Amino acid sequence: MKKTIAFVLVFLASLWMASPSGAVFNERDLSQTLKVLRYELRKVHSEMESQQSGFEARDDVQHKKLVRLIQECNELSLMLYSQKQDFTFDLTYALQQVTDQYHEFNEDRLPYDNIIAFFDVEIARYGRLINALKVLPPELESYPDSLGTHILDSLALSLGEAESMESERDGRAVPNLLGLLEKQKKESHGVFVLDSLSCIDRDSCLFYAEGLLDMYTDLRAHMVEDNEYYETTDRRLREAYEYAQERYRLVQKKIFIDGQQNYLTLLRNLPQSVRQAASDFEDKYSNSFLVDVRSEWRGPRVLAFSLSMLAFLCVSILLSYLILHILKKRVARLRSESFRRREFTIHLLVSVLLFSVTLVILRAFVPSSHFIRMASGILLQFSVLMATILASILSRAEMKQVNHSLRIYVPVLLMGLLVITFRIIFIPNSVINLIYSPLLAVFAVWQYHSVRKFGKLVNKTDRSFATMSLVITAVTLVVALVGYSLLGLQVYIWWIFQLTVLQIIYACKDFLRKYRMTVVEKKIGAYKEKYPSYRSKDKGAFVQVTWLYDMFDMALIPLFVVMSVPVCVYLASKVFDLTEVCMNAFTHNFFNYDYLHLSMSKIFIILDLFFVFRYICYLLRSFYKVYMMHKAIRMSGTGFVRENELNVTLPNNIIGILVWGAYVIVIISLLNIPTDKVSVIVAGLAAGLGFALKDILNNFFYGVQLMSGRLRVGDTVECDGIRGTVDSINYQTTQILGVDGSLIAFPNSTLFSKTFKNLTRSDSYECVSLQVGVAYGTDVEYARRVILEALAPLLEDDRFGRSMIKESYGIQVLLTGFGDSSVDLTVRQYVLVEYRASYVAKANELIYNALTVKGIEIPFPQVDVNFKNTLKTGNAAPGVSSSGMVNPENTVSGNKDEK
């Protein structure tokens with residue numbers, strides 16, 4: 001059918017290339033128009049004549065294909081209507097064949113309808129052209145018989161030469177014609193008629209136009225004849241397809257809803273179940289009742305195919321051993337310890353690949369056997385899956401883990417091979433119900449033993465996959481025990497496909513991790529060297545060199561993970577010829593409520609679009625931030641810029657609103673939700689929500705104002721006695737990271753109703769005053785010099801090149817008062833806000849050590865309390881005993897500024 005489509009496309013292209021020819025536009029006069037039209041029609045006529053034989057040959061081939069298609073349709077109908085409902089695999093195979101043939105037929109037929117419509121237009125066009133030429137005065141019933149081939153051969157010459165040439169070649173026909181035209185012209189004095197040369201042009205155009213009309217009419221007749229065959233085939237295929245859809249619904253109900261006998265009931269009637277399975281097995285594979293006929297779907301052919309596949313597998317293993325043995329002698333690297341530990345897995349991988357090549361060759365050289373093509377195709381799929389898993393193990397696992405990783409996958413792979421075998425030989429339902437559950441139980445125990453024994457010896461990824469395989473096996477066992485064996489087969493094959501895809505995805509992630517470490521990190525290092533002043537912990541800070549890695553990490557890999565589920569379900573259903581059921585399940589709207597319709601396909605598309613839009617939002621925000629950073633660096637005199645100097649909060653929110661707004665619009669369009677309904681709902685809720693959400697709306701608008709520049713992420717602020725750094729600004733709250741590490745959320749309206757200090761909004765410096773007391777009698781100037789020398793080491797630059805202390809102010813030591821026990825000095829300086837706490841601690845320590853070393857006394861308050869015993873004996877004062885001695889426990893001593 002693909003060759004048929006190719007022929008149709010070539011045919012349409014040829015007609016399309018020819019159809020623009022024969023068109024004329026406004027020329028100088030009618031004579032010139034006829035002359036141009038004559039050349040154009042001759043060109044089209046010549047091309048059509050050269051292609052006519054090819055069209056006829058292709059039409060004969062196409063006709064034979066149509067006859068063969070009708071035969072296949074009849075064969076499929078017989079196969080479909082003869083299937084028993086208890087042989088599910090046989091039935092689904094027949095249903096799938098009919099469904100595929102119907103879809104392929106409809107896809108192949110559409111171009112022929114277009115061709116017939118094209119011919120109708122061309123035939124009508126040339127018919128009107130012929131009529132238009134005939135009615136030109138003098139009118140003609142038909143073009144003259146005297147216009148022969150010798151005249152048509154002279155059309156390429158000039159009109160004057162043509163006239164003389166016609167006179168020399170035919171002394172009678174053309175002069176008579178010309179004389180007749182001249183006579184008509186004289187008789188129609190005062191009325192427009194064509195001159196003699198224009199009449200020759202007109203007659204030539206008529207000759208070519210009628211020839212083209214006959215060609216198109218003949219081609220259309222052939223196409224109409226083929227279309228009749230198509231109508232007959234379409235009617236039969238449609239009947240078979242409708243019947244197949246009805247049977248598909250019954251199969252779907254049987255597999256997913258009704259199920260079969262649960263295993264407990266089967267065990268209660270075990271003798272009867274065994275007899276039924278034996279009877280169905282003999283009915284399926286016995287060939288005794290076929291005397292003179294050998295079916296390729298019966299026992300001997302199936303057994304021969306199985307033995308040949310086993311032989312091919314043995315040959316592949318032997319060839320793999322020989323290839324590796326020869327390579328080990330020639331390549332020194334293959335004799336290393338690393339290869340020796342991986343040798344068995346590599347040997348198995350090469351064997352599987354050679355077996356896959358054998359299957360491809362078999363399918364190429366045995367195209368006529370439907371059973372061999374079907375069976376080899378399924379085996380080829382499983383071989384590719386197994387090769388992919390082995391390659392993933394070799395690429396991800398460490399040298400000492402490879403063989404252990406292989407062992408934990410052996411049970412699930414062998415069980416998958418058994419399930420594939422069930423499908424290839426079309427095993428009856430009764431046999432599946434009898435043996436599938438015990439097989440699952442055995443392999444579940446084997447899988448559990450493998451996970452327990454080798455789980456700790458493999459990496460985390462393989463251990464997780466093995467555990468998931470154990471869980472799937474257990475779930476499938478439960479499903480089969482309760483009577484859904486066919487569903488259990490589907491689940492297990494789905495997991496084989498899903499496991500393979502996950503292995504590919506995690507192998508890609510491992511490759512991305514290595515790419516990040518070897519390539520991306522080097523680019524990030526070069527970027528840091530180019531912009532040494534910019535130090536940001538934000539993920540998008542280096543988006544110019546990481547955008548490709550981020551695209552795979554943030555968008556493509558999550559998208560592949562999500563899409564792998566429906567794709568693997570479809571591939572598993574294809575193995576059992578249930579793709580029609582699968583597509584119906586994915587496209588069916590399981591939730592229908594007024595204007596909201598949900599299906600599994602829409603949900604998966606929405607999830608995939610989420611990752612795409614998330615990456616787009618991240619990319620736009622990151623590039624905008626990098627652009628602003630470069631702009632700030634160019635504008636700064638020092639070439640240094642801090643992250644909180646970039647006010648990107650509001651632009652980031654605008655980008656988020658636009659991107660996620662577009663995502664919502666796409667979802668609304670995908671779900672076919674009418675926008676007028678959304679508008680009505682929004683309008684109805686607007687008034688009520690306006691009153692109910694007044695505070696929320698206030699915070700929203702205040703948040704927009706804060707984002708516009710009043711606050712920036714990274715600013716240090718004080719509000720309500722709380723000091724901290726702005727961590728984030730959203731539409732409801734501003735989050736501040738306190739100096740004690742706590743995260744405080746202020747409603748945006750609070751920052752407008754209360755006074756707060758933005759300590760970094762101006763120049764990022766804050767005035768810090770340190771109080772120092774020296775003893776009376778100390779030389780203040782000497783103490784000042786000691787303090788300034790002690791603080792000199794703190795006059796340094798931070799990592800952005802800014803001075804820790806504001807250079808224009810410096811450090812000042814001022815005498816600010818006289819205390820009770822000390823002369824009060826104040827060390828005043830402007831310090832960078834973010835370093836205030838560390839600076840105060842260091843400065844106090846340096847001042848204390850310097851004053852101590854220089855012998856400058858730092859007095860501390862002390863109080864001397866003197867008691868006079870003026871009370872009589874027996875009336876001792878508090879703190880004094882009756883003997884006049886002071887009680888130490890009641891002696892007053894404190895820190896008061898008194899002498």
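How many residues does the hairpin use to join β9 to β10? The hairpin joins β9 to β10 through 4 residues, and the tour comes back to that place below.

**Before you start**

This is a predicted model, in which local features need pLDDT of at least 70, side-chain atom pairs count only at pLDDT 80 or more, and totals for chains, interfaces and linings use all residues. Residues are numbered from 1 along each chain as its sequence is written, and side-chain values use heavy atoms, with hydrogens and water left out.

**Whole chain**

Show the whole chain as a cartoon. The chain has 25 helices and 10 strands; helices (H or I, at least four residues) and strands (E, at least two) are DSSP runs, numbered from the N terminus. Of the 899 residues in the chain, 42% are buried, where buried means under 20% relative accessible area, exposed over 50%, and partly exposed in between (1.4 Å probe, protein chains only). Among contacts (heavy atoms within 4.5 Å) between residues at least 6 apart in sequence, 74% join residues at least 24 apart.

**Stop 1**

Select β8 (765-774), then β9 (811-818) and β10 (823-832). These strands form an open sheet of 3 strands in the order β8-β10-β9, with antiparallel pairing. At the edges stand β8 and β9, each with a single partner strand, so one side of each has no neighbour in the sheet. On average, neighbouring strands of this sheet are turned by 25 degrees against each other, direction ignored.

Two strands pair if DSSP finds at least two bridges between them. There are 10 bridges between β8 and β10, and 7 bridges between β9 and β10. Now pick R828 in β10: S769 stands opposite R828, and Q812 also stands opposite R828.

**Stop 2: a helix on the sheet**

**Stop 3: S803**

Select S803, in the loop between α24 (780-791) and β9. Is S803 buried or exposed? S803 is buried, with a relative accessible area of 10%. Leaving aside neighbours within four places in sequence, S803 is in contact with Y765, E796, D797 and L832. S803 and Y765 are 38 residues apart in sequence, and their C-alpha atoms are 10.0 Å apart. The side chain of S803 reaches the backbone oxygen of I805 at 2.6 Å.

**Stop 4: Q401**

Move to Q401, in the loop between α12 (370-396) and α13 (402-424). Q401 counts as buried, at 12% relative accessibility. Not counting residues up to four places away in sequence, Q401 touches L457, V458 and N459.

**Stop 5: two crossing helices**

Select α7 (residues 196-258) and α18 (residues 579-587), which pack at an angle of about 75 degrees with their axes 10 Å apart. That makes α7 roughly perpendicular to α18; angles under 35 degrees count as roughly parallel, over 145 as roughly antiparallel, 65 to 115 as roughly perpendicular and the rest as oblique. On α7 the contact is made by Y241, Q245, Y248, Q252 and F256, and on α18 by E580, V581 and N584.

**Stop 6: cysteines**

Select C199, which is buried at 2% relative accessible area. Then select C617, buried at 4%. The count of disulfides (pairs of cysteine sulfur atoms within 2.5 Å) comes to 0.

Terms used:
A polar contact is a pair of N or O atoms within 3.5 Å; within protein, one must be able to donate a hydrogen and the other to accept it, and residues adjacent in sequence count only if both atoms are side-chain atoms. Axes are lines fitted to C-alpha atoms, for helices over the stretch in contact, and angles run from 0 to 180 degrees between N-to-C directions.
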